[in-house]
Amino acid sequence: MRLVAGFDIDLPAGWQVAVRRQPPSVPGRTGNLLVHAATVPIPRERGDFGSGVVSALGPDDVFLSLFEYDHEAVATTLFTSTGLPVPRPSDFDPAAMQRPLPGQSGAQWFFTVAGRAWCLFAVIGSHGRRQSSAVKIDRLLKGVRIR
Amino acid sequence: MTAAVVALGAAVLLLSVLVAGLLRSHAEILKALHELGAGLELDKTGPVPVTIEGITAPRRQPVAGVPAVVSGSTLDGDVVALSLQGQDTLIAFLSSGCTTCQEFWKAFRGRPSLPPGARLLVVTRGLDEESESALREREPASVPLLLSDEAWDAFEVPGSPYFAYVDAAGQLVGEGSGGSWPQVLDLLTQARADAALRTKGSGPVRESRDEQALADAGIDAKHPSLYGETA
């Protein structure tokens, strides 16, 4: 399913996704994409990295923020990794949360896809269930196509 | 005598003209109704759809055409896609302008009661056919609002208000219209219960399944075990 130009997704059962454009960093330029996906309802009012959403996660829920950076960032060391990440349970760490919440855990990856620079920030509802949550996130990412 | 025959002939002629006129008038009325789409489509196979006010059993058998995902946009311009599997979803197809819909917009402003485990989603037409300012006035705070012509087309929504109940397996278990939220809720509860019975098997479904199970076990209608005798 094409959500916006250059971003397609096959949405697995139980997920919802919302895509918006960030305010352009340079006047006249199209804003970069900001994609949120979650297994809980995504509210209108929410932060770029999930504030307003992650507090609603249950133990089996997950939230993702796929944040696109300006094209110039592709050349930087931070984005040398190419392709969407394959999350592993060991990637998740409660200390990776922007604002720690009891039981929750987060992980972050920087990478380049289709010549575009991205950050993926993932939050899982329970660090103890990171095995199944990582699989859930991987299943979603396998359905994402960026051009 | 001749006068009587002539009078009778004239009466018969007059009656014939009247009957012909009535038949022609009937034919014109039927033709007009057919053009308006109100005629019975007897040339088609399968059941003739009947419109009633209330949640009815799904029109589509099997549940073809019900999408696994609904997508559209929000009033803020976000593009949203939502899986209809994994949780029961009640989709309320509303318009900002329809009179009956106002009752539902009002009911959704608070926290509307829902069947256990179900979520509510309001879907309107896109902004080509909707008023953004009217939608912003009516948009419920706690219920997601999606603008999606695609969803209206996929669910073959005949008009608003219209409701579709999709269960966690992505099956359409009830759809139809109603005049008030309590009425819709009541009818939906009934549709869910009916769907549960259909799934479990009842009446002819269960009968057929049981007969098949007996046949598989080599037990037919004349099997002695059915008559208290040992096989």
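Which residues is B:Ile91 in contact with, leaving aside its neighbours within four places in sequence? Keep this question in mind as you go through the views.

The structure is a predicted model, in which local features need pLDDT of at least 70 and side-chain atom pairs count only at pLDDT 80 or more, while totals for chains, interfaces and linings use all residues. Residues are numbered from 1 along each chain as its sequence is written, and chains are lettered from A and ligands numbered from 1 in the order in which they are written.

**View 1. The largest nonpolar core and B:Ile91.** Leaving aside neighbours within four places in sequence, B:Ile91 is in contact with B:Leu121, B:Val123, B:Phe163, B:Ala164 and B:Val166. Two residues are in contact if their C-beta atoms, placed from the backbone, lie within 7 Å. The largest nonpolar core has 70 residues, and B:Ile91, A:Val17, A:Leu64 and A:Ala122 touch the most other members. Strand S7 (residues 116-124) of chain A gives the most to this core, with seven residues. A nonpolar core is a set of buried Ala, Val, Leu, Ile, Met, Phe, Trp, Tyr and Cys residues joined through C-beta atoms within 7 Å. A residue is buried if 20 or more other C-beta atoms lie within 10 Å of its own, exposed if 12 or fewer, and partly exposed in between, with C-beta atoms placed from the backbone.

**View 2. Chain B from end to end.** Six helices and eight strands make up the secondary structure of chain B. Helices (H or I, at least four residues) and strands (E, at least two) are DSSP runs, numbered from the N terminus. Of the 231 residues in chain B, 25% are buried. Among its contacts between residues at least 6 apart in sequence, 63% join residues at least 24 apart.

**View 3. Where chain A touches chain B.** Here 16 residues of chain A are in contact with 15 residues of chain B. On the chain A side, strand S1 (2-4) and strand S3 (16-21) are the elements that give two or more residues, and S3(A) gives the most, with five. By class, this side of chain A has twelve nonpolar, two polar and two charged residues. Ala, Val, Leu, Ile, Met, Phe, Trp, Tyr, Cys and Pro count as nonpolar, Asp, Glu, Lys and Arg as charged, and the others, Gly among them, as polar. S3(A) also pairs with strand S3 (residues 79-83) of chain B in the antiparallel sense, over four bridges. Look for A:Val17, whose bridge partner in S3(B) is B:Ala81. Two strands pair if DSSP finds at least two bridges between them.

**View 4. A hairpin in chain A.** Strand S6 (residues 105-113) of chain A and S7(A) run antiparallel and are joined by nine bridges. A:Thr112 stands opposite A:Ala117 in S7(A). Two residues lie between the strands of this hairpin, and A:Ala114 in the turn has a positive phi of about 55°. A:Ala114 counts as exposed because it has 12 C-beta neighbours inside 10 Å. Most residues other than glycine have a negative phi, and most peptide bonds are trans.

**View 5. A three-stranded open sheet in chain A.** The strands lie in the order S1-S2-S8 (chain A), with antiparallel pairing. S1 and strand S8 (144-146) of chain A stand at the edges, each with a single partner strand, so one side of each is left without a neighbour in the sheet. Strand S2 (residues 7-9) of chain A pairs with S8(A) over three bridges, and A:Asp8 has A:Arg145 as its bridge partner in S8(A).

**View 6. Two faces of a helix in chain B.** Which residues of helix H2 (residues 99-109) of chain B are buried? They are B:Cys101, B:Phe104, B:Trp105 and B:Phe108. Seen down the axis of H2(B), the buried residues fall within an arc of 105°, so they line one face of the helix. That arc is taken from the directions from the helix axis to the C-beta atoms. The face turned away from the buried side carries the exposed residues B:Thr99 and B:Lys106.

**View 7. The loop between H4 and S7 of chain B.** B:Pro161 is found between helix H4 (149-154) and strand S7 (162-166) of chain B. The peptide bond from B:Ser160 to B:Pro161 is cis, with omega near 0°. B:Glu156 lies in this loop too and has a positive phi of about 50° although it is not a glycine. With 13 other C-beta atoms within 10 Å, B:Glu156 is partly exposed.
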